[in-house]
Amino acid sequence: MPNSSHSRAAASLQFNRRAPVRALLLALCVAGVWGTSAAIEKDAAAGSGLVPEAELARERGDCRGAAEQYLRAASGVRDPRIARRATELALECEQLGTAERAAARWRVLDPENVDALRAAGLLALEAWRLDAASSVFRDLLAKPDVEPDRALADLLPALIESDQSAAAWAVFGPLVDRQRAAPATLLALARLAVAADSYDAARELATQARARTPADAPTLKLLAALEAARGDAPAALALAQDAARLGDQDTAFTIAEILIDLDRTEEAHQELERLAGEPALADEADRRLALLAAATGDFADSQRRFVARLRRGAGAAESTYYLGLLAERTGQPDSALVAYRGLADAGAGLAPRVRAAAILLKRNEREAAFKLIDDFARANPGAAVDVAVTRSQLLAEAAAPAEALAVVDTALKAYPQHHELRYQRAMVLERAGKTRDAVRGLEALSRSRVDDPTLLNALGYTLADRGQQLPRAEQLIQRAVDLRPDSAAFLDSLAWVKFRRGDARGALPLLERAWALSRDAEIAAHWGEVLWTLGQRTEARTVWARALVRAPDSRPLADTVRRLTAAEPARP
């Protein structure tokens, strides 16, 4: 679904994918040692004048201009340091097109440089140029002075946590020689497959790793999670027990995680209480009990546990944030604001600021709401795109689509063709009911990012939700599901288009699978609506009730329940 961020499978299959590839580039391959700016100026081709101009632009705060000047300089001389500098500056100010061209020039000037190859490959992934990325990484892994397993150990963990894991899986899945790869590489590749919602491929890779290292606890833990996602409880729990027995503190909680995956929350609670009795595990067990209580609707117990943790100084920032969330869910916005503002004052990132701003906007306190976002923007100039997207989302949710669109359009002038901004623009248009313009924007974006499953799904769902071009919508979403077969969001979208086309029974197994993978409230709304339409109203109410316990503040779920039950005859 285009505007939703469903979690995948249950807890043990979730990986944080929020770090963009461009941030990883700065950490992995662009932050190396090169000559100072003065040295570059001194050694640059005489008379070009472009490097000094670029440095002047940088000093006056024109990062984009500096990066473009460096790229022009790199195009005219054969000093790879200039191309590298252009790449770094372009990444710092999110000029992704400039960064990609600079990295390509750097690779031409220094084709044996591992950093140049990694930069070019990662930027190709960011731009969804998969053929180019495959070519670069094939060259990198084939270099005689590169050990493939070591190179992959540097790349794969970061890509698993990135927002381009699907692109990375499409490239590295077929590229890695699985017969020669070390077990650790196979396990990392399996985790990348999970991050890309390809669980069968992940299971095959993890099974290969296990065949070589049968007693490796992390491999057993991943296999347990994959069996749970498939619904094989006995196999999942047997593997979890083996992992917990063989491992250390990192795998001690595997059984509890798998029980949660299987929706056996009472047993998970008992397991966590048992682990809380072990001194070395007590704090983490208590933390997980607090999170489990919040996830299953026991807000009082969760609040009690997080307050106790806060008082003893355990995970203060996390405890404060969850106390804010719990205050929101129990109808205490003033208490939530206190928590979020405290985190903002302590230098927290965007998440608590966004929660606080949303509360303030509901009260029509716009100046105070956006001051929280502006303060973050001033302290983090490199996060300008994230800030623009966030501001636009807040305005769209506050029923101010014209302002939301203006924010994106202004940002696009500073960051031309940035795919995240273009995507957000389409989402604002869709939310404002301008479906034709939204579809046009998504189609243009899809042409530059061929077979990006997120875009295929977004375009298909937008058409399906408006009842337009339903056969084409189903084809688009089916292609997205083919590329990411275990994406709860995509399965939900496919079910929804089938429902829209009159195939309610065909939608049911897809929705059941999507719910098992994510426990997302919007999926429950769709699942219940399909059941309701089929006359299975008791089952629909059961689905909605379970979801409302987990997400009582879900607007899509509440709207669906209200719409369908409003016309129901009153019971005698």
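## Helix 32

Helix 32 (residues 537-550) comprises 14 residues and reaches 20 Å from its first C-alpha to its last, close to the 20 Å expected at 1.5 Å a residue. Helices here are DSSP runs (H or I, at least four residues) numbered from the N terminus, and the expected span is 1.5 Å times one less than the number of residues. The model is predicted: local features need pLDDT of at least 70 and side-chain atom pairs count only at pLDDT 80 or more, whereas totals for chains, interfaces and linings use all residues. Residues are numbered from 1 along each chain as its sequence is written, and side-chain values use heavy atoms, with hydrogens and water left out.

## The buried side of helix 32

Ala540, Val543, Trp544, Ala547 and Arg550 are the buried residues of helix 32 (buried means under 20% relative accessible area, with a 1.4 Å probe and protein chains only). They lie on the same side of helix 32 because they cover an arc of only 115 degrees around the axis, taken from the directions from the helix axis to the C-beta atoms.

These residues pack against helix 16 (265-276), helix 17 (282-295), helix 19 (316-329), helix 30 (504-518), helix 31 (521-533) and helix 33 (555-566).

## Glu271 in helix 16

Helix 16 contains Glu271, which is buried, with a relative accessible area of 11%. Leaving aside neighbours within four places in sequence, Glu271 is in contact (heavy atoms within 4.5 Å) with Ile255, Ala256 and Leu259.

## Nonpolar core

In the largest nonpolar core, of 147 residues, Leu125, Phe137, Phe172, Leu192 and Ile258 touch the most other members. Such a core is a set of buried Ala, Val, Leu, Ile, Met, Phe, Trp, Tyr and Cys residues joined through side-chain atoms within 4.5 Å.

How values were computed: Helices (H or I, at least four residues) and strands (E, at least two) are DSSP runs, numbered from the N terminus. Buried means under 20% relative accessible area, exposed over 50%, partly exposed in between (1.4 Å probe, protein chains only).
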